[in-house]
Amino acid sequence: MEKNYEEKINELLSKMTLEEKVGQLQQCGPSLVGAFEVSFEELLDMMFDGRISKEEFDRLMGTAKQDFHEEELKAGKVGSYNGIGDAETANRLQKIAVEETRLGIPLIFGYDVIHGFRTVTPIPLGESCAWEPQLWEATGRAAAEEATAAGIHMTFAPMVDVAKDARWGRVSEGAGEDVLLNGMYGAAKVRGFQGDDLSKEDAMAACLKHFAAYGAGEAGRDYNRVDLSMQRLYEEYLPSYKMCIDAGARAVMPAFNDINGIPCTVNRWLLTDVLRGQWGFDGMTVSDANAIAECVNHGIAADKKEAAKLALEAGMDMDMTSNTYIAHVEELVKNGVLKEEFLDRAVSDILRVKFELGLFDNPYQTNEEREKTAMLKPQYRELAREAAVKSMVLLKNDKNKEGIALLPLDKGVRLGIFGEAASNRGEMTGAWAIGAKADDCVSIEDACKARGVAYQIGTEAAVEEVAADCDVLLAVIGEKKDESGEAASRADITLPKEQIVLLEKLLETGKPVAAVLFNGRPLAIPYVAEHVPAVLEAWHPGIEAGNAVLDVLFGDVNPSGKLTVTFPAASGQCPMYYAHMNTGRPGGKSKFTSKYLDAPVEPLYPFGYGLSYTEYEYSDLRVQRVEDAYEIRVKVKNTGSMDGEEIVQCYVRDVAAGRVRPVKQLAAFEKTALKSGEEKEVCFYINVDKLGYYNWSMDYVVEAGEFVFYAGGSSKDCLEVRVNHKQKEKEQTDGKSNDS
Ligand code: NOJ
C-alpha cells in the first residue's frame, strides 16, 4: 500500500524557518582542505595541463583533509551529502543532523553507484548487451545491498540517455542507442535499486538521469547543446525516462545540457509540465553537480541569484554542490522576488523521499558491522561473472582451412598474451566505479594462473620469441577506463597506432591471433575486423573480468551478447545508428546518394549483432492481428553443435506515413535458450498503439496502411512480413501516446 506522508510533511514545513527550508535543498560534498594552496579544481587543471604529475596530484590528495561542513550542518543548513561512501562517516554526520539540529531532520546520502559498489559489474553499455531485464535487476539489487551497507540512501543512476553518437564518452553509462532498451534497462535497475519497499534498510532511491536527452549533445561532445524537434524528443528520447518514472524512480537529475535553448536545470516545461504534470512524478529532483550556477555560463541567467530563482521556479529541488540556493534563496523570498510556494514545493519533495526511505523512523540504516560483512559476497562475485560473460559480444570468429573456428580455444593451448590491459586489474572496472578497489579485480593474467592455463606474457619487443613458444596469440587492446565516461568524448574513436602495430606484428608471425577488446564505447576498428580472425568485445567487464573472458574464450560458456550500439567503420560516420530515417537518396552504389566518399555506407557491426559458437536459423515468420495487438511468431533453430542462448529481436517499420518514420524500430525482444538441434517458436505481442508517432502538430497518431514486421538475430539480418494495418474505429488518433 502506498504510504501518504503529506500531513507529516505539512506539519514539519509549518515549523521550519526560511533558513531551515533552504538548508534542506543544500547538498554538499566533503571539500578538500589543507595540503595545497590552490582549489581542488585548479589542482585538477594543473594535473591535466601537465604542471604537476599524476603522482604529485595523488600525493597532495593523500595529505589533504576533508571538511564535512559540520558547523553548517548543525545550523540546519545541509539537507544531503554527496560522495560519502562509508558507514562510520555517514552515521557520524547523521547523528549531528538528528540530535543537534533544531528539528532533527535526517540527512539523505547520495552517491554514484553506477554499475555496482564494491562488486563492480560490467559498465552499463556492456551489461545492456545481455538484453536481459532479470539480470539488470539482480545486479541493481546487489549494488543496493552493498551501497546501503556503506550508508548510501540514493544512487545517481540509472542513466537512460539514449546515445546515438559513439564519440560521446558517456555512451558507456547507458544501454546504448535504442530508446526501448534504455527504458527497459532503466526500469529494471529502478526495481533492483529500490527493492519492493523503499523504507527497508537495503533499498536505495534511484535518481534517474540525465533528464533529458543528454545523449543528443551536438557532435557527441560532452555538455554540449541539444537541439531537437519536439517529435524527436518525444519519440526517441523521452520514453526511456518515462518508463523509469512508471517503474517508480523517486528522484530525477536534470541534465547539464539545454534543450532547444533552455538548460534542463531551469526548464520549467520539462521539470514541471512534463515530469510532474504529464507524468505524475512527485519525488525529488537533484541538480547535476554545480549545474544551477552554470546557468550563468549558459547565458540564461545574469548571475547566480537569478539562476537560483529560475531553477526553483522551474521545479529544481536540490542543489548539488553549487551553493547557489543556500546563498540566495532566503533573500529572494524575503524580498518577494521568489514566491515561497516554490521553496515549499521543493522542500516537500525532499521530505517526502526522506519519509519514504524510512529515515525519520530509522536514520541510521547501517553500521560498521553490517558494512564489513556486506561486501563482495561470493554470490555477488558469481553474479558479476555471469553479467560479464553475458555482456560480451563475439564480433568475429573465422574458420581455418579445415573449417574449424579459432574460438573456443582448446583447453590445452599455450597462450601468448599481449597488451598491458591483460594484467591491469584496476582498468577492468571502467568508468564510474568509485567504490571499487583494484585488488578486488581479476585480470586475464590472474585468471590464467588460477585456471592453470599455460601462458606467457609478451611484449612488442618479444613477439617472435613468444610466438614461437605459443599456439595462439591473444591481443588485449581497446581503451583505457578514463577514455570513456564523463568528460571523455573522443573525436577519433579508432584504436591507437601502437595497438595496430602490435596486431600487425602478431599477425606476421603466422600464428592464430584473437583480440579481446576492453573499451567503453563502440570503436571504429576496420583493421581488426578485416585482419584479426577472432574478436571478442568484452567492454569494461568489472571485477570478474579475467574469469569471464576465459569462460568465453575456452567455451565454458557460449557467448550470447548482442550489440546495443552500432559500430561505425570510421569516426566520421558518427552519429550512426540503426533506427535512422531514410533520405530521398538512401546510401547506395550510385555517387548521388547519401554517403561519404571516404567511408562505407554500412557500419562495421550493426545494432543487435553478435555471434555465438553455434548457429541459429530463423524460419516461418507469421504475423496476425489479435484484438488490439499484432502477434508475431517466428521459429528459431539451433543448427550448430553447442547449446546456446539466442536474443531474438522484433522490429517494425511504417512504410509510408504522414511523417517520415525510421527504417526499422525495435519493438520487442526475447532471449531464449536452445539446445543443439532444438527448435522453438518465439512469440511477441505488439500493441497497435505502439505503432504510432507524433505528427506535425504533435498529436500521437496511429495510421492505417502498410507496416513491415521483422524478426531475426540482428537489425540487419531479419525475416520480414508485410501487413496492411486497418484501423478500428476506437484506434483513430486520440492525441495520446502510452509512452510519453
Ligand atoms: C556529474 C555527472 O554528470 C552526474 O552523472 C553525476 O551523478 C554527478 N556529477 C555527481 O557525481
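The second largest pocket is lined by 27 residues, of which Met576, Tyr577, His580, Asn582 and Val601 lie nearest its centre. A pocket here is an open set of points on a 1 Å grid over the protein atoms alone, with protein on both sides within 12 Å along at least five of seven lines, and lining residues have an atom within 4 Å of a point. The model is predicted: local features need pLDDT of at least 70, side-chain atom pairs count only at pLDDT 80 or more, and totals for chains, interfaces and linings use all residues. Residues are numbered from 1 along each chain as its sequence is written, and side-chain values use heavy atoms, without hydrogens and water.

**Pocket**
- The lining of the second largest pocket comprises 14 nonpolar, eight polar and five charged residues, with Tyr, Cys and Pro among the types counted as nonpolar and Gly as polar.

**Sheet**
- Six strands make up an open sheet of mixed pairing, in the order 13-18-17-16-14-15; strands are DSSP E runs of at least two residues, helices H or I runs of at least four, and pairing requires at least two DSSP bridges.
- Strand 13 (393–397) and strand 15 (454–458) each have a single partner strand, so one side of each is left without a neighbour in the sheet.
- Strand 16 (residues 472–478) pairs with strand 17 (residues 513–518) in the parallel sense over six bridges, and Leu474 has Ala514 of strand 17 as its bridge partner.

**Helix packing**
- Helix 18 (residues 444–451) packs on the sheet, touching strand 14 (414–418), strand 15, strand 16 and strand 17; contact means heavy atoms within 4.5 Å.

Terms used: Axes fitted to C-alpha atoms, helices over the stretch in contact; angles between N-to-C directions. 1 Å grid on protein atoms, 1.4 Å probe; cavity = no way out; pocket = protein on both sides within 12 Å on 5 of 7 lines; lining within 4 Å.
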